Amino acid sequence: MPFWWPLIVLAFAYAICKFLLMLIPPNVPSIDVDASDVLAHGKDTEENSFIYIPPRGRSQQSDKKVQCYEPATMKYLGYFPALSPTEVEERVTLSRKAQKTWAQSSFKLRRQFLRILLKYIIEHQELICEVSSRDTGKTMVDASLGEIMTTCEKITWLLSEGERWLKPESRSSGRAMLHKVSRVEFHPLGVIGAIVPWNYPFHNIFNPMLAAVFSGNGIVIKVSEHASWSGCFYFRIIQAALAAVGAPENLVDVITGFAETGEALVSSVDKMIFVGSTAVGKMIMRNAAETLTPVTLELGGKDAFIICEDADVSHVAQVAVRGTLQSSGQNCAGAERFYVHKDIYTAFIGQVTKIVKSVSAGPPLTGRYDMGAICLQEHSEHLQSLVNDALDKGAEIAVRGSFGHLGEDAVDQYFPPTVLINVNHNMKIMKEEAFGPIMPIMQFSTDEEVIKLANDSRYALGCAVFSGSKHRAKQIASQIQCGVAAINDFASNYMCQSLPFGGVKDSGFGRFAGIEGLRACCLVKSVVEDRFWPLIKTKIPKPIQYPVAENAFEFQEALVETLYGLNIWDRLRSLIDVLKFLTDQSSNVSRTRKSH
């Protein structure tokens with residue numbers, strides 16, 4: 001019998017046993033989260049039964065409380081306190097105390113926390129999506145795609161690979177330190193701070209929280225004033241899951257407020273993660289500089305969407321419309337600049353026009369509406385100004401979507417899906433982040449031209465390139481300055497949670513998500529120790545011991561060439577000289593070396 005036959009049998013038996021273990025469902029407890037006050041069809045109270053009319057021309061901040069309402073219907077949802085700097089510092093102090101205990105927890109316990117969350121999310125998808133839809137105006141389908149799937153993917157990746165990337169990692173010790181063992185260790189930083197936007201309220205909370213908690217940190221998250229209602233409900237889910245595994249109270253906290261609240265958070269934590277506009281990102285950096293707090297910034301985007309003449313026009317048109325108008329106009333890292341090869345320019349516009357005409361904008365919970373909702377107060381006026389600027393400079397509207405079933409008070413909260421053609425880089429719509437359902441389309445002739453156009457932007461978050469030739473698409477994408485690139489697809493990068501996410505230029509720096517994002521929550525510590533201690537230790541060679549010998553530099557020259565010389569014979573010759581220096585301390589050794 002061949003010697004390898006028993007090995008095959010053992011391997012096969014191991015595989016069978018592993019498969020059978022997979023069939024046994026894990027013991028994951030359920031958690032109960034009170035959702036009676038957030039159900040869309042629950043009984044209205046006197047407090048939330050009226051239409052909210054935001055004060056025009058001024059911020060809520062002077063009210064010292066965060067007013068919450070449905071952007072699609074303007075129905076009032078309630079309010080939350082705008083925390084003062086002192087209150088923020090107190091919350092961070094409580095999280096810091098809890099983190100010291102959590103830092104000693106096992107990965108087994110942390111994985112159980114993730115499984116409890118995953119179980120709740122899967123069993124309560126409709127509730128989570130409905131809360132997200134009510135607070136931001138997105139459809140249930142878009143909430144599922146952008147909130148549920150991305151978060152479940154993040155949890156699944158951490159469960160399968162998270163511990164692996166946080167364990168100590170061996171590194172080579174180099175030639176001079178062959179007698180040493182080198183490694184990198186990843187320790188919790190302490191308390192992570194995160195300021196997150198409104199466009200994906202569920203995932204924007206869970207994304208930094210999952211990485212921070214799994215790596216042993218505490219975290220305090222300031223949610224947007226435009227999505228505080230949903231954020232505070234999602235916080236209940238996290239609290240219930242932490243309690244189920246016996247985690248210390250206050251390990252995770254969600255705070256509400258305005259600029260003052262966010263500024264206090266920046267100056268209180270050990271690491272800051274900010275997702276939002278470039279202007280606010282610069283303010284975060286200035287504040288963080290006072291305490292030398294490290295920051296990760298994921299800022300604005302003006303992603304290029306490039307379509308070559310050999311692409312499938314009908315397919316790409318479908319992807320393009322969703323790419324720029326996804327989540328009811330709340331595109332995050334969405335396509336904002338479209339470059340179409342001149343040979344298919346007319347055909348592509350025709351396909352896009354047909355798709356836009358088939359949908360309308362309106363309250364997401366009352367029908368199959370796909371786009372148009374604007375969460376930010378008075379943002380529709382800004383979008384219209386961008387369109388007007390383009391029209392004044394020669395652009396044309398190819399098609400504009402329609403509204404349906406809108407209340408009179410809610411009209412300003414929507415913007416009709418708009419496709420602009422004959423645009424160029426002199427127009428604001430091709431320079432400034434729109435963050436709305438506008439699709440500006442420009443034609444190009446050569447690959448070199450479109451690469452130059454794509455790079456002609458102060459933003460550099462992502463890009464998508466479509467071509468019948470995979471090689472060609474890769475070549476174009478490789479020359480575009482950005483942090484995220486999709487080949488013959490759009491936004492697929494974010495569903496690969498092993499990948500880092502972030503941009504360059506005015507789109508920020510640093511990375512969250514993936515291995516890099518997980519390790520960014522850690523103190524990265526380099527450790528060196530003796531390989532054969534106590535038998536072999538580092539010993540200072542006699543020529544460079546104090547008092548330093550006259551031939552010390554000549555010894556160092558020989559040692560450097562012995563270790564790093566390019567020619568093996570030169571290295572061997574130098575090794576002989578090193579040995580002579582070590583055994584013969586007379587000055588003749590120096591003259592002997594120079595005579596070689």
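Which strands does helix 14 (residues 470–478) lie across? Helix 14 lies across strand 10 (303–307), strand 11 (335–341), strand 18 and strand 19, and runs at about 165° to strand 19. Angles run from 0 to 180 degrees between N-to-C directions, with axes as lines fitted to C-alpha atoms, for helices over the stretch in contact. Helices (H or I, at least four residues) and strands (E, at least two) are DSSP runs, numbered from the N terminus.

The model is predicted: local features need pLDDT of at least 70, side-chain atom pairs count only at pLDDT 80 or more, and totals for chains, interfaces and linings use all residues. Residues are numbered from 1 along each chain as its sequence is written, and side-chain values use heavy atoms, with hydrogens and water left out.

An open sheet of seven strands shows mixed pairing in the order 13-15-16-11-10-18-19; two strands pair if DSSP finds at least two bridges between them. Strand 13 (396–400) and strand 19 (484–487) are the edge strands, each pairing on one side only. From one strand to the next, the twist averages 20°. Strand 18 (residues 462–466) and strand 19 run parallel and are joined by four bridges. Helix 12 (residues 379–392) also packs on the sheet, touching strand 13, strand 15 (418–421) and strand 16 (438–444), where contact means heavy atoms within 4.5 Å.

Helix 4 (residues 125–136) is largely enclosed by the rest of the structure, because 10 of its 12 residues are buried (under 20% relative accessible area, 1.4 Å probe, protein chains only). The elements packed against these buried residues include strand 1 (65–69) and helix 3 (107–123). Just after helix 4, G137 takes a positive phi of about 90°.

Conventions
Buried means under 20% relative accessible area, exposed over 50%, partly exposed in between (1.4 Å probe, protein chains only).
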